[in-house]
Amino acid sequence: MTDPKTPNALSFQVDRAAIAPIGDQIHASLRQAIVEGRLAPGQRLPSGRDLAAQLGVARGTIRVAYDRLIAENLVFGAGPAGTRVCTRPPARQEDDEAPLDGPLAAFTRPYSSAPLPFQMGVPADDAFPAKLWARMRARAVRADAMTYTAYADPRGEPALRTQIASHLAISRHMQCHPDQIIVTSGYRQGLMLALTALRPHGRKAWIEEPGYPLGRRALELTGAALEPVPVDAEGLRVEEGIVRAPDALLALVTPGQHAPLGVTLSPARRHALLDWAVASKAWIIEDDYLGELQLDGRAAPALAVGKAAERVIHIGSFSKTLSPALGLGFVVAPRLLAERLVEVAAVLAPAPNRTTQLAVTEFLADGHFLRHLRQMKTLYAERRNLALAHVGKFLSGPLTAGLGVIAPLPQSADDSAIVDIARTHGLAPSALSAWYLRRTHAQRGLLLSVTNLRPENIDDACAKLASVVASH
Ligand SMILES: Cc1ncc(COP(=O)(O)O)c(C=O)c1O
């Protein structure tokens, strides 16, 4: 996008369909222009107002991008003389060693730090049974050290697969044999196994609209043609998917609790989806990331139940139910695909670290997992009620959704900009619009996980968020 007032060095566009938030894109483009020398030392950056108008974004978004550049010593605020490029920006070679700040920055930034208030996808930091887990892991390390230095079963430890199969029978109503289970490092490895086995390159794939951005990106990386299918109060609008892409190879869905809206696929839609898959020999990839961790009533049975399970690749994860730090999940392979999935696991991505597997086996076998789930349901329901009461004071109509709350915003609001600004205040809400493939159709709103909101931090977190929203 060029403008007579903007140096050519700043000819860049924002991609509203990209996964990376707009603020990150602007920051990355400016940073690149500076380190490549296209913006000379001393040169003045456009005023926040001009650049915001040129790119069609909120001024706050530009301000956050400039603040990040200031923090990186690439530019400095020169008062009335504007924001200018530092005279000695870091040499290019140093920049080559700087951390990557491309589209993945949005996923990598919060890694390995304590969860921030409202951060999605992380369980309660204060409720993980750390001491018990440390004991079980220590026992597992000793047991593992005593075994042969041989290759392990690429599908995972037989004892763990047996435990997972019995747990799924109780909690998800699934009847599967341990041989159908492949242990993975989490949902993402499970998805990788499924997509490598299905080879969706050039084929159509239904995705939920809105839907989990990483799932969507995984399909893009494997060359699938994405077919966004809207989600309403009954879940995926299967009949629309059938009209738009009846010949799709697969549907990637979160039927138990839709991510991020939290709705459960209604029985009618569930049957329609399974009937379509059976009739057209399509595959359903069931992302069961929350498993039975449902806060209201009992979780609906998995899709991979009964006869239709032949068309369903069920992927589970311990990331939400226990901790993402474990790096553990599993795939339940439909019988028709089991051999191919096991082959992919054996050749490309065998089950992870045996000690974690042995420790989780004991955790399941001794009943700690079921107890932990029960406690987490109670805790999260309390935290959700607390959050609803607080958030309702400054945002209208917050709704419950999975382990969080959605606060809808007017269509004129720039939820991504609010999220960027909130981040500078130590908060991590997510922008609802970023979960849409078609950004022009996107609903605006804030996704607020409640897992790490406590009576001690909720007042402060909500006061800060309220002021960010008000200033926007
Ligand atoms: C919709 C959805 N699926 C799956 C996952 C879990 O992924 P993993 O097991 O790779 O940590 C998440 C985590 O945020 C998620 O939101």
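An axis, as used here, is a line fitted to C-alpha atoms, for a helix over the stretch in contact, and the angle between two axes runs from 0 to 180 degrees between N-to-C directions. The model is predicted.

Take helix 3 (residues 59–71) and helix 15 (residues 415–424): their axes come within 8 Å and cross at roughly 40 degrees. Angles under 35 degrees count as roughly parallel and those from 65 to 115 as roughly perpendicular, so helix 3 is oblique to helix 15. The crossing of helix 3 past helix 15 is left-handed. On the helix 3 side, Gly60, Thr61 and Val64 make the contact, and on the helix 15 side Ala417, Asp420, Ile421 and Thr424 do. Three of these residues are nonpolar, three are polar and one is charged.

A second pair consists of helix 8 (residues 187–198) and helix 12 (residues 335–348), whose axes come within 9 Å and cross at roughly 115 degrees. Helix 8 is therefore roughly perpendicular to helix 12. Here the crossing is right-handed. Helix 8 contributes Leu193, Ala194, Thr196, Ala197 and Leu198 to the contact, while helix 12 contributes Leu337, Arg340, Leu341, Val344, Ala345 and Leu348. By class, this contact has nine nonpolar residues, one polar and one charged.

The ligand comes next. Among the residues around the ligand are Gly121, Gly186, Tyr187, Arg188, Asp287, Ser319 and Lys320. Tyrosine 187 has a backbone N or O atom 2.7 Å from an oxygen atom of the ligand. For serine 319, an N or O atom in the side chain is 2.7 Å from an oxygen atom of the ligand. Lysine 320 places a polar side-chain atom 2.6 Å from an oxygen atom of the ligand.

Note on methods: Residues numbered from 1 in each chain as written. Predicted model: local features only at pLDDT ≥ 70, side-chain atom pairs only at ≥ 80, totals over all residues. Heavy atoms only, no water. Helix = DSSP H or I, 4+ residues; strand = E, 2+ residues; numbered from the N terminus. Parallel < 35°, antiparallel > 145°, perpendicular 65-115°, else oblique. Left-handed = near helix turned anticlockwise from the far one by under 90°. Contact = heavy atoms within 4.5 Å. Nonpolar A, V, L, I, M, F, W, Y, C, P; charged D, E, K, R; others polar. Near = heavy atom within 4 Å. Polar contact = N/O pair within 3.5 Å; in protein donor to acceptor, adjacent residues only side chain to side chain.
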